[in-house]
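Here is a short briefing on one protein structure. Look at the sequence and the 3D view before reading on.

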Amino acid sequence: MNETSTKAPTSVKKEALSFIKTIIIFLAAALILRASVVEAFKIPSGSMIPTLRIGDYILVSKLTYGLRLPLFSQTVYQFSEPKRGEIVVFVRPDDPDTFENEENTNVIKRVLGVAGDTVEVKGAQLFLNGAPLAESYARWQEGGIAEGNFGPVTVPAGHVLLLGDNRDHSKDSRFWPDPFLPISRIKGRALIIYWSWDSLSRIGNLIR
């Protein structure tokens, strides 16, 4: 057996190992990027109509409020808090009133109450700290359902209160056993619609 024939298998093996290492590094980097920097989400329901529609695909900034790591359901380091009016993606603590565990289900809503705010809903009107709040984004298709009346409640430190824009068709803070979401459970802030089956004109729209 000559020297060339013995080197060939060794060379192929090294190239194969190098390729595998490259794939592993790429996958690890993609996982960290997805967990910590930006992630794509699909809107599954109409609870955020008219702002977000079923079939919209959005990008969410995961560095807006804190640092998250792969396989962790909560933020490991918090350096900012969500502001009133921002739309966020989060995971809730499990709801004992539902049959399935919702801890790993991504939910998207709008922050309407931050620490110290007093929030109340009467009919088709939201009151913030005792005053009616003008909301151009809110939709009350049924004119404000009786089950949606809520509060007044005051948001504790380290938590937020969230509502869907489609108020009469949104399971939000008003209907949870604990209406206040720990900020550490927020994955990030919704930024932009990168694809929409509803209308191509929505592509590229900033989410407000």
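This is a predicted model: local features need pLDDT of at least 70, side-chain atom pairs count only at pLDDT 80 or more; totals for chains, interfaces and linings use all residues.

Residues are numbered from 1 along each chain as its sequence is written, and side-chain values use heavy atoms, leaving out hydrogens and water.

**Core**
- The largest nonpolar core has 14 residues. Such a core is a set of buried Ala, Val, Leu, Ile, Met, Phe, Trp, Tyr and Cys residues joined through side-chain atoms within 4.5 Å. Buried means under 20% relative accessible area, with a 1.4 Å probe and protein chains only.
- V121, L126, L161 and L163 touch the most other members.
- β7 (118-122), β8 (125-128), β10 (150-154) and β11 (159-163) each give two or more residues to this core. Strands are DSSP runs (E, at least two residues), numbered from the N terminus.
- V121 touches L126, W140, G148, N149, F150, L163 and R174, where contact means heavy atoms within 4.5 Å. Residues up to four places away in sequence are not counted.

**Sheet**
- Four strands form an open sheet in the order β9-β8-β7-β10, with antiparallel pairing.
- β9 (131-132) and β10 stand at the edges with a single partner strand each, so one side of each has no neighbour in the sheet.
- Two strands pair if DSSP finds at least two bridges between them. β7 and β10 pair over three bridges.
- T118 has T154 in β10 as its bridge partner.

Methods: Buried means under 20% relative accessible area, exposed over 50%, partly exposed in between (1.4 Å probe, protein chains only).
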